[in-house]
Amino acid sequence: MEPIRAINREVGSGREIASIEIPRIGLGVWMMNGPNECKNAVIDAISIGYRMIDTARSYGNEEEVGEAIRESGIDRSEITVVTKLRRMHAISYESTIEHCKISLEKLAMDQIDLYLVHAPPEDAGAREPVWRAMEDLLEAGLVRTIGVSNYGVHHLRDLESYAKIMPCVNQVELNPWIQRPELHSVTREMGAITMAYSPLARGQKANDPEISEISNKIGCTGAQAAIRWCLDQGAVVIPKSSDPSRQRENLDSMGVNIDPIRNEIDNLDSNHVSGWDPTVEP
Ligand SMILES: NC(=O)c1ccc[n+]([C@@H]2O[C@H](COP(=O)([O-])OP(=O)(O)OC[C@H]3O[C@@H](n4cnc5c(N)ncnc54)[C@H](OP(=O)(O)O)[C@@H]3O)[C@@H](O)[C@H]2O)c1
């Protein structure tokens, strides 16, 4: 599957301000806590063809991601690096600028390809200055594109009222068990791509008997059917695995055709939140 172009557009005119090519599947690196677990997982993933890594300040492994990319033998320019402004740092304009620079230092990189506000700032009064700082980071070239994560429909509409530049991505939990049709379609209307996190519901559904029974009919695994379902929604997907064979299994979802079982997968929606859900916060 071809990468998707994620575009930051000017509010009002729709003029393109910045863009990047994003591979359809990336490696999520949350909860890689063992010694060098993240570094080894990123090196393994790159060696089998992953070209996007999703990290965050709060995951505590930006350094390992940077080291792994440098040691991978693949040119930095071929890998899309996503990281996020931690919620506790999303409190002001100054804090946003400062913590982006710290992430760059930890990654030991000149530029972040996609920088996300990890979740709507808890202090609603900080949302506008935080986003203004994101826009300025883009203009200054410290980041190539900017986006948000865990923004609900009302957060996106509110953002449109104060933004000069719209986000190119909204990263949210999306999988067959939490399908969010309204949020996904509003995200698209606003010109952003949905990036589907926890496609296996944090692993809670990775070996779920119901999806395994359905996916057996077409000879793929439940994990592959779930990831393919997300891809078919038009989302970019970031499954986490520290295991090279499961990383490959997940990447191979791109070659699976779930048409014969699509209706059954569509019917799995149960609004299952696997962890947190800031999209519903005020
Ligand atoms: N923006 C946010 O607020 C937010 C929130 C959550 C996650 N994320 C991002 O999204 C990424 C993915 O989400 P996630 O880590 O929550 O969970 P996930 O990708 O839904 O599931 C990961 C879990 O499933 C297991 N697994 C992976 N592939 C498998 C397979 N083919 N068969 C069986 N088990 C499999 C993994 O174990 P092994 O490692 O042992 O394979 C791990 O325990 C994160 O790493 C992070 O980058 C973002």
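Ala, Val, Leu, Ile, Met, Phe, Trp, Tyr, Cys and Pro count here as nonpolar, Asp, Glu, Lys and Arg as charged, and the others, Gly among them, as polar. The model is predicted, so that local features need pLDDT of at least 70 and side-chain atom pairs count only at pLDDT 80 or more, while totals for chains, interfaces and linings use all residues. Residues are numbered from 1 along each chain as its sequence is written, and side-chain values use heavy atoms, with hydrogens and water left out.

**Exercise 1.** Determine how the lining of the largest pocket divides by class.

*Solution.* 
- Step 1: the lining of the largest pocket comprises 12 nonpolar, 15 polar and 6 charged residues.

**Exercise 2.** Identify which residues are closest to the ligand.

*Solution.* 
- Step 1: 28 residues surround the ligand, the closest being Asp54, Ser198, Lys240, Ser241 and Arg246.

**Exercise 3.** State the distances from polar side-chain atoms of Ser149, Ser198 and Glu249 to ligand atoms.

*Solution.* 
- Step 1: a polar contact is a pair of N or O atoms within 3.5 Å.
- Step 2: Ser149 lies 2.9 Å from a ligand nitrogen, and Glu249 lies 3.0 Å from a ligand nitrogen.
- Step 3: Ser198 lies 2.7 Å from a ligand oxygen.

Technical notes
A residue is near a molecule or strand if one of its heavy atoms lies within 4 Å of it. A polar contact is a pair of N or O atoms within 3.5 Å; within protein, one must be able to donate a hydrogen and the other to accept it, and residues adjacent in sequence count only if both atoms are side-chain atoms.
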